[in-house]
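Hello,

Here is the structure I said I would pass on. My notes on it follow below.

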Amino acid sequence: MSKLILRALSGETLSTPPIWMMRQAGRYLPEYRATRAQAGDFLSLCYNSDLAAEVTLQPIRRYGFDAAILFADILLLPQALGADLWFETGEGPRLSTITTMAEVQALRSKDSIHETLAPIYETVRILAHELPQQTTLIGFAGAPWTVATYMIAGRGTKDQGPAHALKATDRAAFAALIDVITEATIDYLSMQVQAGAEVVKLFDSWAGSLKGQDFTDFAVKPTARIISALKAKHPGLPIIAFPREASAGYIGFAKATGADCVAIDNSVSPEWAAENVQSTGCVQGNLSPTHMVTGGQDLIDATRRVKAAFQGGPHIFNLGHGITPDADPENVALMVETVRQR
Ligand code: CP3
C-alpha cells in the first residue's frame with residue numbers, strides 16, 4: 001500500500017503529510033470555469049461524466065494533489081430521491097421542500113436512485129482508470145442531517161431554522177426523513193466504491209448547529225449507521241467524517257462513529273485538535289481557506305503551523321472548509337510547496 005493518503009488513513013505518521021483541498025475543482029480555477037461553460041451550467045457538469053472527470057483531474061494536473069475528489073454535489077441524492085433541484089446563479093441551491101410525513105413517504109425508494117445517479121458512477125469509473133497511480137480517489141455524500149437541512153428548507157440557511165423547527169414540531173416526520181437519507185446514502189456510497197472510489201467522505205457541514213442529545217441522535221448515529229453498513233459491504237474501506245464546527249463534539253467522534261479520520265474545520269486551533277482528536281487517530285485539516293485569498297507570508301506561517309501541530313501523528317493536510325471562488329491559484333501552489341518542503 002504505497003498511496004500516501006491510504007497510509008495516513010491506516011494510522012501511519014508521515015514526515016510530510018499528504019495533501020488535497022476541499023472544493024479543489026472549483027471556480028477559482030480558470031480551466032474549471034471554461035469546462036463549466038462548455039457543460040452549460042453546474043448541474044449539467046455534474047451529470048456529464050466526461051466533463052465531470054475532466055474537472056476532477058484539473059487540480060491534480062496543476063498541483064499534483066495526493067487525492068482527487070469525485071466532482072458531484074451532496075444535493076444530487078435528494079434530486080435522485082425525487083426532490084426538484086436547481087441552482088440560482090450567485091445565490092446557491094434551491095429545492096422543493098419537505099415538511100410533512102406524507103412528503104417524506106412520497107420520496108422515491110432507495111432502489112430507484114441509481115437511474116438518476118448512474119452518470120456519477122460512470123465519472124468514478126473514468127477517474128479510476130485515468131488518475132495517476134499515486135493519487136487516491138475519494139467518493140463522497142452529504143451526511144443525513146446536512147442533506148435534510150436543505151431538503152426541509154429548500155435552500156441553504158444560516159441557522160438551519162426550518163430543520164430545527166421540523167425536528168421540534170414533527171419529530172416522526174423528521175426522523176423518517178433522516179432514515180430515508182441514511183439508507184439511500186449507504187447504497188449511493190456503496191455504488192461509488194464498486195465503481196472505483198477508494199475512500200469515502202461524509203460532509204456534515206451543519207453538524208455544529210446540533211447540540212447535546214441532538215448531536216448524538218442526528219450527527220453521530222446516522223454517521224455510525226452509514227459507516228458500519230459500508231464497512232460490512234466493503235471490509236477495510238477507509239472513511240473520513242467531517243462534522244463541521246462540532247467543536248467539543250470532535251472529541252471521541254471517530255470512536256463513536258467508526259470513522260478512520262475526522263476532518264477538522266478552522267474554527268478550532270490545530271494544537272487543540274492535535275491534543276484532543278489526533279490523539280485517537282488520523283485527522284484532516286485545517287488551514288483557513290481565507291489564506292488562499294490573501295496569500296503571502298501569513299499563508300506560509302499558517303501552513304507551517306498546521307503541519308507542525310499535527311506532525312506527531314497521522315495527518316492529511318487540507319483546508320478547514322472549501323476554497324472560495326475569489327482565491328488565487330498561485331496561493332494554492334504556495335501552500336502545496338510549503339507543505340512539501342522538508
Ligand atoms: O470538493 C470538490 O471539489 C468536489 C465537489 C463538491 C462540490 N460540492 C462541488 C460544488 C463537493 C464535495 C461538494 C459538497 C457540498 N455541496 C457541500 C458540503 C461541503 C461544504 O461546502 O460545506 C454542500 C453544503 C453542498 C451544497 C452546495 N453546492 C452549495 C451550498 C452550493 C452553493 C455554494 C457555492 O459554493 O456556490 C453548491 C454548489 C457547488 N458545489 C459548486 C461546486 C464546485 C459551485 C457551483 C458552480 O460552479 O457554480
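The aromatic pairs come to 10, where rings of Phe, Tyr and Trp (its six-membered ring) pair if their centres lie within 6.5 Å, and planes under 30 degrees apart count as stacked, over 60 as edge-to-face and the rest as tilted. One of them is Phe42 with Phe87, edge-to-face at 4.9 Å centre to centre and 75° between the planes. Phe42 lies in helix 3 (residues 42-47) and Phe87 in strand 2 (residues 85-88), 45 residues apart; helices (H or I, at least four residues) and strands (E, at least two) are DSSP runs, numbered from the N terminus. Phe42 is buried at 17% relative accessible area, whereas Phe87 is partly exposed at 29% (buried is under 20%, exposed over 50%, partly exposed in between, with a 1.4 Å probe and protein chains only). Phe203 and Phe242 also pair edge-to-face, at 6.3 Å and 80°. Phe203 belongs to strand 5 and Phe242 to strand 6 (residues 239-243). Phe203 is buried at 13%, and Phe242 is buried at 1%.

The model is predicted: local features need pLDDT of at least 70, side-chain atom pairs count only at pLDDT 80 or more, and totals for chains, interfaces and linings use all residues. Residues are numbered from 1 along each chain as its sequence is written, and side-chain values use heavy atoms, without hydrogens and water.

As for the sheet, 7 strands form an open one in the order 1-4-5-6-7-8-9, with parallel pairing (two strands pair if DSSP finds at least two bridges between them). Its edges are strand 1 (67-69) and strand 9 (315-319). Strand 4 (residues 136-142) is joined to strand 5 (residues 199-204) by 5 bridges.

Regards
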